[in-house]
Amino acid sequence: MKINVDRSVIHYIDQGQGAPTLLLHGNPDSSEVWGGVIPTLAGHVRCIAPDLPGFGLSTAPVDFDYSLDGMAAFVDRFVTALGITEPLNLVVHDIGGPFGLAWVVKHPEKVKSVVVMNTVFHADYRWHLFGRLWRTPVIGEIVQALTSRGGFTRELRRASRKLSRDQINRTYDLITPSVKKNMLRWYRAANPRNFAGWEEKLQKILANKHSIVLWAEHDPYIQGHYANRFGTQRVERFADTGHWLPAEIPVAVASRMLRFYKDVF
């Protein structure tokens with residue numbers, strides 16, 4: 001499905017019935033990262049998974065605002081465009097975290113529950129190697145140009161050992177030249193210092209929301225101690241799973257989410 005949101009054409013999955021549940025993917029992903037999770041969830045909740053602006057099959061104008069305010073505004077416009085008026089369940093992973101959690105800070109009344117997976121919203125975070133390279137003008141473009149399918153596969157397998165070759169190939173095939181440009185634009189706008197103030201507000205909000213962190217321990221990009229700093233009511237860790245938690249063990253993740261939603265509902 002697709003919908004126009006301002007000057008972006010947003011492709012999204014909309015499956016199931018029940019409480020609206022918004023799933024926001026990370027980098028370099030698309031809504032496909034939730035492909036194994038949604039079949040289990042859709043029998044219980046309405047799953048809405050967009051390709052974020054400039055990623056997957058979604059477009060973004062060249063001046064799309066990837067600031068925290070801009071990302072929060074996009075999520076709000078997307079939800080409004082779908083006609084959702086009741087508080088929804090939010091699920092975020094990787095760069096979907098800044099999109100969705102900034103929206104929580106701006107519009108806490110529109111959120112019923114929050115599930116956080118391997119993301120950052122912390123002013124003292126320091127970018128991993130690829131993040132630093134992508135943030136550097138010219139160097140980032142060179143790294144993107146030199147990233148072959150084989151190199152991409154080795155890196156994703158390093159970070160998430162259980163990913164299948166088919167999963168990785170589907171992800172790689174969606175990384176068009178346009179997506180590469182938007183990846184660089186996102187990273188260059190994403191200075192962790194920008195989370196100052198936002199992080200503290202989020203912690204206070206999530207302390208009073210139904211909220212949980214599901215954290216993959218084998219993550220070379222984000223240190224495990226950040227899992228405890230979102231202010232959620234609960235943190236659960238998966239010892240033998242990598243950064244792409246929802247893609248590696250989707251059935252286990254979906255089953256844990258459904259147990260969480262029993263308490264929410």
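Here is a short chat about the core and pockets of this predicted model.

Trainee: What makes the set of 92 residues a nonpolar core?

Mentor: A nonpolar core needs buried residues such as Phe or Trp joined through side-chain atoms within 4.5 Å. The largest one here has 92 residues, and Phe78, Phe99, Phe121 and Trp186 are those with the most contacts inside it.

Trainee: Which residues is Phe78 in contact with, leaving aside its neighbours within four places in sequence?

Mentor: Ile3, Val5, Ile10, Tyr12, Leu22, Ile48 and Pro50. Contact means heavy atoms within 4.5 Å, so each of these has to meet that cut-off with Phe78.

Trainee: How do you know which residues line the largest pocket?

Mentor: A lining residue has an atom within 4 Å of a pocket point. The largest pocket holds about 380 Å³ of space. It is lined by 20 residues, with Phe130, Trp134, Phe152, Glu155 and Leu156 the closest to its centre.

Trainee: Which helix gives the largest share of that lining?

Mentor: That's α6, with four residues. α4, α6 and α8 each supply at least two.

Trainee: How does the lining of the largest pocket divide by class?

Mentor: There are eleven nonpolar, six polar and three charged residues.

Trainee: What about the second largest pocket?

Mentor: Its volume is about 270 Å³. Glu32, Val33, Gln167, Arg170 and Ala247 are the closest to its centre, out of 20 lining residues. α7 gives the most to this lining, with four residues.

Notes. Residues numbered from 1 in each chain as written. Predicted model: local features only at pLDDT ≥ 70, side-chain atom pairs only at ≥ 80, totals over all residues. Heavy atoms only, no water. Buried < 20%, exposed > 50% of the residue type's maximum accessible area, 1.4 Å probe, protein only. 1 Å grid on protein atoms, 1.4 Å probe; cavity = no way out; pocket = protein on both sides within 12 Å on 5 of 7 lines; lining within 4 Å. Points joined across faces, edges and corners; volume = space filled by probe spheres on them. Nonpolar A, V, L, I, M, F, W, Y, C, P; charged D, E, K, R; others polar.
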